[in-house]
Amino acid sequence: MDDPQPPQVGVVVTGYNDAPRVAATVRSALAQGPAVREVLVVDDCSTDGGPELLARLASRDARVRVLRRRVHSGGRGSPRNTGLDRVTSPYVMFLDGGDVLLPGAVEALLGARAEVASGLCALPAQRPLLVHDTACGNKLHRTGFLHDNGIRFPEGRFAYGEVVFHARVLAASPHIALVPARVCAPHRPPGATDDPRALAEAHALACDILLAAGRTELAEAVRAGHAPQGARPGLPLLAPSRARRVVDVVRNRLRRLIH
């Protein structure tokens, strides 16, 4: 029998006044098993009693650490950065309250490290359509890569900060491996609507970041259409493994990234 994965992954969970959903997200991360070293729950100054519920979760599992912000940020970027600053694991992923990691997600993502180590991986320029996969919960990042390149989320009330964060990741030219598995069920609040102006602002900034880094082909991919008509921003475009044709990128679900 193979030895289990050593604890290597830190999961940053953010939430504001949605304690039951945050708790469900934390439980899904803990259920991944011993490969998850820590779950950092960043409460963005909630007023709904959430910190008490999270404290109870932390009392039951030493892997859970609750970080409470003193001032509400008004967005998701600042809480994510708070967690990123405190994570101690070699790898990190980001979830919002209500997102659920599917069984075996972390093992599947960690398994992609063999491709990176062997060189059987891609650079962003080889897969420009990856600019459209701006969701957070389906990716595992090497923590040192983010810190070494100063990659963070926009602070404050910036909407669609994941678009900017993803552009900063791709601008740093990471090695990317894809895994053929759906790893996360993202949460979208009922009745939530998109803000076209804010989304356009985020994509304009993403283009600037990519152009400044000399990633012209990626910036052009953003300009060519940052989301298919009628698609939900933040959802991944669809693609399976590194050997498939571009047509498969459109037809099949994108299989997650590891940087």
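A cavity here is a set of points on a 1 Å grid over the protein atoms alone where a 1.4 Å probe fits but cannot get out, and its lining residues have an atom within 4 Å of a point. The largest cavity of this structure is lined by 12 residues. The model is predicted, so local features need pLDDT of at least 70 and side-chain atom pairs count only at pLDDT 80 or more, while totals for chains, interfaces and linings use all residues. Residues are numbered from 1 along each chain as its sequence is written, and side-chain values use heavy atoms, with hydrogens and water left out.

**Cavities**

- The count comes to 3 cavities of 30 Å³ or more.
- About 70 Å³ of space lies in the largest cavity, where a volume is the space filled by probe spheres set on the points, and grid points are joined across faces, edges and corners.
- Val131, Thr134, Val163, Ala206 and Val222 are the lining residues that lie nearest the centre of the largest cavity.
- With 4 residues, α7 gives the most to the lining of the largest cavity.
- The lining of the largest cavity has 7 nonpolar, 5 polar and no charged residues; Ala, Val, Leu, Ile, Met, Phe, Trp, Tyr, Cys and Pro count as nonpolar, Asp, Glu, Lys and Arg as charged, and the others, Gly among them, as polar.

- Look for Asp18 in the loop between β1 (9-15) and α1 (19-30).
- Asp18 is buried yet has no salt bridge; buried means under 20% relative accessible area (1.4 Å probe, protein chains only), and a salt bridge is a side-chain nitrogen of Lys or Arg within 4 Å of a carboxyl oxygen of Asp or Glu.
- The nearest side chain of opposite charge to Asp18 is Arg21, 4.2 Å away (Lys and Arg count as positive and Asp and Glu as negative; His and the chain ends are not counted).
- Leaving aside neighbours within four places in sequence, Asp18 is in contact (heavy atoms within 4.5 Å) with Asp48 and Gly97.

- Cys45, in the loop between β2 (36-43) and α2 (50-60), has a positive phi of about 60 degrees although it is not a glycine.
- Cys45 counts as buried because its relative accessibility is 19%.
- Tyr160, in the loop between α6 (143-148) and α7, also has a positive phi, near 60 degrees.
- Tyr160 counts as buried, at 15% relative accessibility.

**Tyr91**

- Tyr91 is in strand β4 (residues 91-96) and counts as buried at 13% relative accessibility.
- Tyr91 and Val11 are 80 residues apart in sequence and 8.6 Å apart in space, C-alpha to C-alpha.

Conventions. On a 1 Å grid over the protein atoms alone, a cavity is a set of points where a 1.4 Å probe fits but cannot get out, and a pocket is an open set with protein on both sides within 12 Å along at least five of seven lines; lining residues have an atom within 4 Å of a point. Helices (H or I, at least four residues) and strands (E, at least two) are DSSP runs, numbered from the N terminus. Buried means under 20% relative accessible area, exposed over 50%, partly exposed in between (1.4 Å probe, protein chains only).
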